[in-house]
Amino acid sequence: MLKFPKDFIWGTATSSYQIEGAATEDGRAWSIWDAHAHTPGRTYNNAHADVACDHYHRFREDVQLMADMGLKAYRFSISWSRVQPDGQGDVNPKGIQFYSDLIDELLAHGITPWVTLYHWDLPLAIQMERDGWLNPEIADMFAQYADICFGHFGDRVKHWITLNEPWVVSILGFGEGVFAPGRKSKNEPYLVAHQLLRAHGKAVLLYRKKYQAVQNGKIGITNNCDWREPLTNSRADRDAAQRSLEFFLGWFADPIYLGDYPQAMKDRVGARLPTLTPEDIALIHGSSDFFGLNHYTGSYAADVDPNENIRNEVYGNGGIFEDQYVQLSTDPQWKTTSMNWAILPWGCRKLIEWISQRYGNPPLYITENGCALDDQLEKGEVKDTVRKEYIESYLAACHQAIENGVNLKGYFVWSFMDNFEWALGYSKRFGIHYVDYDTLERTPKHSALWYREVIKNNGFEFSISHTQI
C-alpha cells in the first residue's frame, strides 16, 4: 500500500471554455476561443463550445458527482468575459453570481475550490481593440480583472492560480497558430510570454498588498512541461535535454524563482528575447507561493548541429526549433494515449525531482495529469483500464519522488469529465466521467470509481512493476 502524506490534496480539474457552454447567456461576451472555434477550419469538425458540457446549467449535478467521489479539491477557471465582458470595463453581475454559486456549492459539499484566473479565453474585445497579449498595457487589465475576482470570491477561495500554461498561450497561440488567436510568428511568442509574466506579477502583487493578509490565501502560477530524457549519454545530448527543459519550463519558472530568463535562452534567442528590467524582476521574482505543474508525457532529446538541414519531427511540444536545435523523438516500444503521447511515469518523477533541485524544493502541486483514450460507453459502464493504470503509475512515481524529498503536496486529475479539447474539438476524451454529447448525461468511468477509493484510503495498492517509475 502506497500511503500519501496525511494532508495531501486529491483533486480534479477543468477549464471554463471547455465545459461551461452558455456562450452568450446572461451577459457573457465572446472570448478569443469563441472566435477561433467559429472560424471554419480551426477545429476538428469545426466544433465549438457554445454548449460544451453545459456545466453552466448543470454545475450542481456536477458538484454532486464530485462529492460522490469524495473529492477534496476542484480546480476550475473563471471565464474573464463572463465576469467582465469586454475585459476592461463594467462587471457582469450574473457572471459573478454564477461563480459565487459554484463556490458555495463546492464548499457545502466539503470540496475546496482552486481557482484559475486565466485558462486561455481572453475577452475578444481586448484582442480586437488592444492587440491582446502583445500590448504591455494588458498586465494592468489583467490585474484589474484579478482584483474583481479577489474582491468577490476571495472570502471563500484560498487557492489562486493566475495563469494556466503560459507556454501554450505563447507557442501554440502566437508561434504555431493552432490555438487562439491563431497567429504564426518566430518573434511574438517571446513578446507575449514577457507580458504574461508581467501580468502574473501584477496580479500577485495586488493580491499580496490588498487581500492576502485578510483573506489568508495562497497564489501561484501553473506551468506545463514534458520530461526530456537525453537520447544518449553524450555531453551534447545531455546539454540538449537540459536546454529543452529550460526553453519549456525555465522560460517561465526561472524569472519567478531565479530572477531572470535562462542563460541558454538569452544566448540563443538574442535580441528577440525581451530584457527583464529591474522593475520587471522586482515584480516577478518570488511571485508564487507554490509551484503548479501540468504534466503528461516526455520524449528523448538529442543535440542538432545548426548547420544541418533538420527540422523537428512532430513529437510533443518542442517550441521554436531554430532557437533550440533539439531533436525530439520517442521509443516505438513506449505505450501511448490517443493523443500519441507516451506514457512515461518515470519521466514524471524525474521532472518533479528536477524542479525540486533547480528551484529550491518549493511546495509543488501537479495541477493536471491524465490521458486521452478512445472510451466507449457499454451497458452503462466505461472500462478505461488504461487510464486507471496511467494514473496509478504516475501517482506511484509521485510517491517515489516524495520519498526522495520532493515537496509534492497535491495531485489533480485532468479532467473531471470529457469536454471540448480545443483545436481537437470533441474527438479526444480526457475525462474520468463520460459525457454523452447528445444527451449531456454524465457517467463515472471505472477510473473515477478507482480514484474514489484512492482518495478514501489516501493511497492505493500498487500492482504495476516498479521498473516503470
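The dialogue below goes through charged and aromatic side-chain contacts in a predicted model.

Reader: Is Asp54 buried or exposed?

Author: Asp54 counts as buried because its relative accessibility is 14%, below the 20% cut-off. Arg58, at 24%, is partly exposed.

Reader: Which residue forms a salt bridge with Lys350?

Author: The partner is Glu229, and the closest N and O atoms are 3.0 Å apart. Lys350 is partly exposed, with a relative accessible area of 25%, whereas Glu229 is buried at 16%.

Reader: Where do Lys445 and Asp418 lie in the chain?

Author: Their side chains meet in a salt bridge, 2.8 Å from N to O. The pair links distant parts of the chain, 27 residues apart: Lys445 is in the loop between β14 (442-444) and α17 (446-457), and Asp418 is in the loop between β12 (408-414) and β13 (433-435). Lys445 is buried, with a relative accessible area of 0%. Asp418 is buried as well, its relative accessible area being 0%.

Reader: Which residues are linked with Asp418 and Lys445 in a network of salt bridges?

Author: The network also takes in Asp375, Asp384, Arg387 and Arg429.

Reader: Now the rings. How many aromatic pairs does the structure hold?

Author: A pair of aromatic rings is described by the distance of the centres and the angle of the planes. The structure holds 54 aromatic pairs. Among them, Trp354 and Tyr359 lie 6.2 Å centre to centre with 85° between the planes, and the pair is edge-to-face. Trp354 counts as buried at 11% relative accessibility, and Tyr359 is buried with a relative accessible area of 6%.

Reader: Which residues do ring pairs link into a cluster?

Author: The cluster consists of Tyr17, Trp33, Trp120, Phe179, Phe420, Trp422, Tyr426 and Tyr437.

Reader: Charges and rings have been read apart so far. Which ring does the charged end of Arg82 sit over?

Author: The charged end of Arg82 sits over the ring of Phe98, at 5.8 Å from the ring centre.

Technical notes. Residues numbered from 1 in each chain as written. Predicted model: local features only at pLDDT ≥ 70, side-chain atom pairs only at ≥ 80, totals over all residues. Heavy atoms only, no water. Buried < 20%, exposed > 50% of the residue type's maximum accessible area, 1.4 Å probe, protein only. Salt bridge = Lys/Arg side-chain N within 4 Å of Asp/Glu carboxyl O. Helix = DSSP H or I, 4+ residues; strand = E, 2+ residues; numbered from the N terminus. Phe/Tyr/Trp six-rings, centres within 6.5 Å; stacked < 30°, edge-to-face > 60°. Lys NZ or Arg CZ within 6 Å of the ring centre and 35° of its normal.
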